Every structure is written in structure tokens, then in C-alpha cells.
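Q: Could we go through the packing of this model together? I would like to begin with the core and then turn to the helices.

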Amino acid sequence: MIHYIKGELVATEPSAVIVDTDNIAFKLFVSDNTLAALSSKIGSQVKVYTYLAVREDAMDLYGFNSLEEKGAFNMLITVSGVGPKAALAILSVLTPDAFTLAVSSGDVKAISKASGVGPKIAARVVLELKDKLSRELTSVSSTSDYIAPTPIRVSGDLGKYSDALNALVVLGYTRNEAADALKGIDSKNMQLEDIITAALKNLMR
């Protein structure tokens with residue numbers, strides 16, 4: 001297994017990057033988030049974590065800007081019906097943090113925004129990964145390649161209402177949509193995750 005590739009970023013494509021490692025150029029398929037992070041580094045040395053997908057007719061190399069994104073990818077491809085391309089599509093619209101929040105709060109809408117990922121697949125992602133993600137977040141082996149994406153942190157200075165509002169914006173909702181969804185929710189006496197879950201239920205009505 002190739003853990004990562006380190007070399008000069010020589011080019012980018014709409015869904016891939018080309019990395020030259022001592023005169024051998026590797027093409028890695030990447031998410032839009034990784035592409036955005038690397039696109040300004042053409043001509044510079046980069047380190048890209050990798051996953052090699054082997055099929056009967058092809059060997060495709062997928063690249064990630066962080067171990068958190070690679071960990072989210074590894075989890076996604078365990079879901080029935082989610083292949084590497086669908087996993088990259090999801091990670092193109094959700095950062096690892098936003099992916100964690102979407103799964104833990106059951107936000108099917110946020111996941112289904114990915115190209116080619118419908119509500120049924122998105123619901124399956126939530127169903128199959130919610131408990132697994134919860135376990136990974138609390139206990140990750142120190143020898144594993146996987147680093148679980150970390151949930152969005154709570155800022156005590158802003159208050160739970162503001163934290164919930166910002167989290168909903170991260171998931172792709174407008175600030176007005178998020179604010180309307182939070183109306184009537186007693187954030188003072190609830191945990192942040194419960195506030196977000198209640199708001200998402202309001203948004204799905």
C-alpha cells in the first residue's frame with residue numbers, strides 16, 4: 001500500500017493532480033477541497049496521502065491533502081453502494097469536519113448535495129456510519145493510518161446558538177435558513193448536537 005506521495009506538483013486537472021517524484025509522475029484523483037488546497041502550490045513540493053483502488057481493468061490512485069480526509073474516504077467506501085468516485089464527490093462538498101457533523105446529526109440533505117449521490121445513498125451513509133463514526137471519534141488506534149475527522153468545536157464565547165448557526169452554514173444552508181430553523185429552539189437548556197439535530201428536522205419539513 002502506498003501511504004503517501006511526496007514530490008513536485010507539476011499540474012492540476014478538474015478532478016486530479018499530477019505529482020512528479022524523481023521523474024515519475026503520478027496522477028491522483030482528488031476531491032474539490034484537496035484540489036483547492038493544492039492548486040496554488042504548482043512548482044512546489046507537496047505531500048499527498050493516497051489510496052490505491054485496484055479493479056480488473058484499472059488501478060486508480062486517489063489523493064488527499066490530510067489524513068482526516070483520507071480517513072473519511074476510507075469510511076465512506078465501506079458503505080454499500082459508495083465507491084471511490086462517490087466518496088470523493090461527498091468530500092468535495094463536505095470537509096472532514098462537516099462530514100462528521102452531517103453523519104452524526106443525520107443530515108441526509110447535506111450529503112445528497114454531492115454529484116451523483118441521491119437521498120437513498122445519503123441515507124445509507126448516515127445509517128451505516130453513524131455508530132461507527134461515534135466509536136472512531138472516541139477511540140482510534142495509535143498505529144492506524146486512520147485519523148478520524150474532528151467535530152466542529154464549540155466556542156463558549158459565541159454561545160451555543162451561534163455555534164449551531166455556524167455549523168448549519170458549514171453544511172451548506174444560508175444564514176437566513178439556519179436562523180429560521182433555530183427559531184423556537186431552547187438552546188439554553190440543550191446540548192449543541194441536540195440543537196443542530198432539532199434545527200435540521202425543521203429544515204427537512
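**Core and helix packing**

Q: Which residues is isoleucine 90 in contact with, leaving aside its neighbours within four places in sequence?
A: Isoleucine 90 is in contact with Leu76, Phe99, Ile111, Ala114, Val117 and Val125, where contact means heavy atoms within 4.5 Å. This is a predicted model, in which local features need pLDDT of at least 70 and side-chain atom pairs count only at pLDDT 80 or more, while totals for chains, interfaces and linings use all residues. Residues are numbered from 1 along each chain as its sequence is written, and side-chain values use heavy atoms, with hydrogens and water left out.

Q: Which members of the largest nonpolar core touch the most other members?
A: They are Leu76, Ile90, Leu94, Phe99, Ile111, Val125 and Leu129, out of 31 residues. A nonpolar core is a set of buried Ala, Val, Leu, Ile, Met, Phe, Trp, Tyr and Cys residues joined through side-chain atoms within 4.5 Å; buried means under 20% relative accessible area with a 1.4 Å probe, protein chains only.

Q: Which elements give two or more residues to this core?
A: Strand 4 (45-54), strand 5 (59-64), helix 2 (67-76), helix 3 (84-93), helix 4, helix 5 (108-111) and helix 6 (119-138) do. Helices (H or I, at least four residues) and strands (E, at least two) are DSSP runs, numbered from the N terminus. Helix 6 provides the largest share, six residues.

Q: What does the second, separate core include?
A: That core has 16 residues, among them Ala164, Ala178, Ala181 and Leu203.

Q: Now helix 8: which of its residues are buried?
A: Ala178, Ala181 and Leu182 are the buried residues of helix 8. They lie on the same side of helix 8 because they cover an arc of only 95° around the axis, the arc being that of the directions from the helix axis to the C-beta atoms.

Q: At what angle do helix 8 and helix 9 pack?
A: Helix 8 (residues 175-182) and helix 9 pack at about 105°, with their axes 8 Å apart. Axes are lines fitted to C-alpha atoms, for helices over the stretch in contact, and angles run from 0 to 180 degrees between N-to-C directions. Helix 8 is therefore roughly perpendicular to helix 9, a term for angles of 65 to 115 degrees.

Q: Which residues meet there?
A: Glu177, Ala181 and Leu182 in helix 8 meet Ile195, Ala199, Asn202 and Leu203 in helix 9.

Q: What phi does glycine 184 take?
A: Just after helix 8, glycine 184 has a positive phi of about 85°.

Conventions:
Parallel < 35°, antiparallel > 145°, perpendicular 65-115°, else oblique. Buried < 20%, exposed > 50% of the residue type's maximum accessible area, 1.4 Å probe, protein only.
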